[in-house]
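Please have a look at it before reading on.

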Amino acid sequence: MDIPVTVIGGYLGAGKTTLVNHLLRHNEGQRLAVLVNEFGELPIDADLIEAEEDGLVSISGGCVCCAYGSDLIGALDDLKAMVPRPDHVLIEASGVALPGAIATTVGLVQGLRADAILVLADADQVQANAANSYLSDTIDRQLAQADILLLTKPDLACDLAAVTDWLRAKAPRARIIPADHGQVPISAVLGALPLPARGHRPDAGAHGLFASHVLRPDGPVDAQALARALAEDPTITRAKGFVTGPTGPDLIHVVGRRHDVEPAATGHETGVVCIGFKGDLRPEALEALLAECVAPA
Amino acid sequence: MQTTIYSAKKIITMNPNQPVVSHVAVRDGKILGAGSLSDLTGWGPHVVDDRFADKVLMPGLIEGHAHTMEGALWSFTYVGWFDRMDPDGKVWDGVKTVDDVVARLSEIEAGMEDPDAPLLGWGFDPIYMDNVRMTRADLDRVSATRPVGIMHASGHILNVNSRGLELAGMLREGHNHPGIPLGPDGLPTGELKSPEVFTPVGKHVGMDRAFLAADPQGLRNYGKLCVRAGVTTSSDLGQQLTDALVDMFLSVTEEETYPVCIVAFRINFGIAPKELVAYTAGLKSRSTQRLELGKIKVVADGSIQGFSARLRWPGYYNGAENGLWYVAPDQLAEIYALALKAGVQVHTHTNGDEATQLTIDTLEAALRETPDPDHRFTLQHCQLADAAQFRKMGKMGMCANLFANHHYYWGDEHYALTVGPERAERMNATRTALQMGVELAIHSDAPVTPLGPLFTAWGAVNRLTASGRVQGEGEKISVEQALYAITLGAAITMKMDDRIGSIEVGKRADFAVLEDDPYAVAPETLKDVGIWGTVQGGRIFAASDL
């Protein structure tokens, strides 16, 4: 199985570092590897750091962090060679980088899978930044590339609804999630898979905003069709899980409108964890979607 | 304490008080005096050395924007359109067809021992071949079993053979990216357009970590190229300097026969502004005779021919989307503010005029906070700046190092495709810059174009494109102004004019030793003036002895 890689974009001050620290702190048993653009003041909260050696920071829970500078490919090769392998890689892009370009590169690296592009927008600052003539097209391009748009510092916005509407027009592909101080459940942004070996199960319900529903198909399904249908359903932020596809077990990934299906090994419990906003997510509608994707016998 | 007085056919000093002299006295690697023999004998015991009696001496030429990587590239195979000289003085003929490229690589391939080792060519320039598209089938003729790659001169396209694609896991159907053209079989053609699609493949064809890193042999090779070009001081404009890399630079440049002073700038990549400024400020005290440290290079935008430069309205002539910022405007502001406080000089790469405007605006604000009457912050390339921008730069005390070689190598493309006729004519506006009081250097950006300040001066004087068209008659400068730009002008932009750039008492004994008088030859042949070698810090380097 390829290692999923999530690219985190957004202009300076949008809260990328805060988000990364929140995810490291609440890693739900996943070994996260974080690549940051630049060396300098350590972006990781001091209490999370266990050791630092040769530019590689070891973080509690088996997570790591290092800077990639201008050699992203080399840094990714190093992560791929780690034992044990990271479960998920997060790349924190520079403030003016286009995250789509980084995701393209990652998608071409063997052993890695570009999982999703998260773009952070500071509810209070994003419109001012987008009005700056030097920055406007860069901000627009960043937002338009998002699969998930995290709206940070919502408490500082004078009119949150107006900002959200504005963002929706700028980022039509994205699911928009408010994230106060980076606080979103890891399952909503990085996806969730049961990891029983490490004694943990995803728990989207622990966060007030989200609900989850697990689809458990009885027999074979058209995995591509199911992934596509889930991606097109606006109530779903994330979906991930194993199904029995037309030729064997498949792993489905859905992030916003992006979807992916990869062949999987046998022996996994069948089930797709769907995560969406509480109130929006309607289990019966998801079951109906599934019913339409059951493979003809 | 030996004093040597050199005679020469002519000594061009760049000192306005005595622009031409016949003799120069050297003691302890420094210039004891310039003048007539009788002016100099008063210094006491000396030897007169007539070895340069039939040569013309100039101040050692100064390359204000190049990369020592030019020296390392010659470990790979040159397949460019133009003839180019390697560090050992061999001139590689320009290749004119895809078949020529294949033939040259095949010849190298035949001599390779390790059957799995990658073979990398560089400098391929299909814009001179009616934009012919090279495919993996072409490179498969070089080898079907060894990974083969060719980096284009623009730096924006990599061609690879089937084996290269296969090793990278890309020889498959289903690619959906404009940078990965597909053949009728649904497989990639082998042309990989843009860094985001070729970087994952690069390491399989030889562009691995070792390729990216500076190495001692490459640095030595670069020194040889400098001697052949008459260069005694060269910037290395942008290294991710670490203590280990600084140690390597120190040990190589301290070698007794290392022939050039390297000015190594710390690039802003991969390090936060605070650490960048603090680290670079700390490097200053490690400077030696032949390694100048303590300056910062910031990259603000991309390149014009790669459509990644930031342009003001109306943008690219062919309608391409505006380019990319390589530094966040707020980070640029932070770097400038901290550097001014720390007294660290910053050179900023700007190609597009929007990037130039951002640096002007940003520096103006920073100077209001931290005034510095002699900051000499320099814009590198600064290719599209207009008169108003140069006027502002002049008034603010900014310097410019313009890319005079670009007219020749990409001028026709700029005219037809990237910026259109009007802005192409005013690109690298050397005359306007001087008129507006901007201290001026001109450069090659080697390895982007070959190292050779006399060629660069020729470019600024004649403004000819490769097709032979004059581009920007009104921006031509005189031979004298151009020679100043490649000596004292460049020294001024690096704040080294107290030590180098002219032949006068107290400065380092750095000379370019020429076969002809650059003032006497026709301006259109300035690039062809023969170079015998150099004198650097009083040490003599003949190109023929390298």
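Predicted model: local features only at pLDDT ≥ 70, side-chain atom pairs only at ≥ 80, totals over all residues.

Residues are numbered from 1 along each chain as its sequence is written.

Chain A holds nine helices and 14 strands, where helices (H or I, at least four residues) and strands (E, at least two) are DSSP runs numbered from the N terminus. Its radius of gyration is close to the value from the globule rule, so chain A is as compact as a globular protein of that length. That radius is taken over C-alpha atoms, and the rule is 2.2 Å times the number of residues to the power 0.38.

| Property of chain A | Value |
|---|---|
| Radius of gyration | 19 Å |
| Globule rule for 297 residues | 19 Å |
| Span of the C-alpha trace along the principal axes | about 55 × 45 × 35 Å |

In chain A, 55% of the 297 residues count as buried, meaning under 20% relative accessible area with a 1.4 Å probe, protein chains only.

Helix α3 of chain A covers residues 99-107, and its buried residues include A:Ile102, A:Ala103 and A:Val106. The buried residues of this helix pack against elements including β1 (3-9) and α5 (136-144) of chain A, together with α6 (195-202) of chain B; contact means heavy atoms within 4.5 Å.

In chain B, domain 1 spans 77-205 and domain 2 spans 212-536, with bounds from an automatic or database domain assignment. Their C-alpha centres lie 30 Å apart.

Methods: Chains lettered and ligands numbered in written order. Heavy atoms only, no water. Buried < 20%, exposed > 50% of the residue type's maximum accessible area, 1.4 Å probe, protein only.
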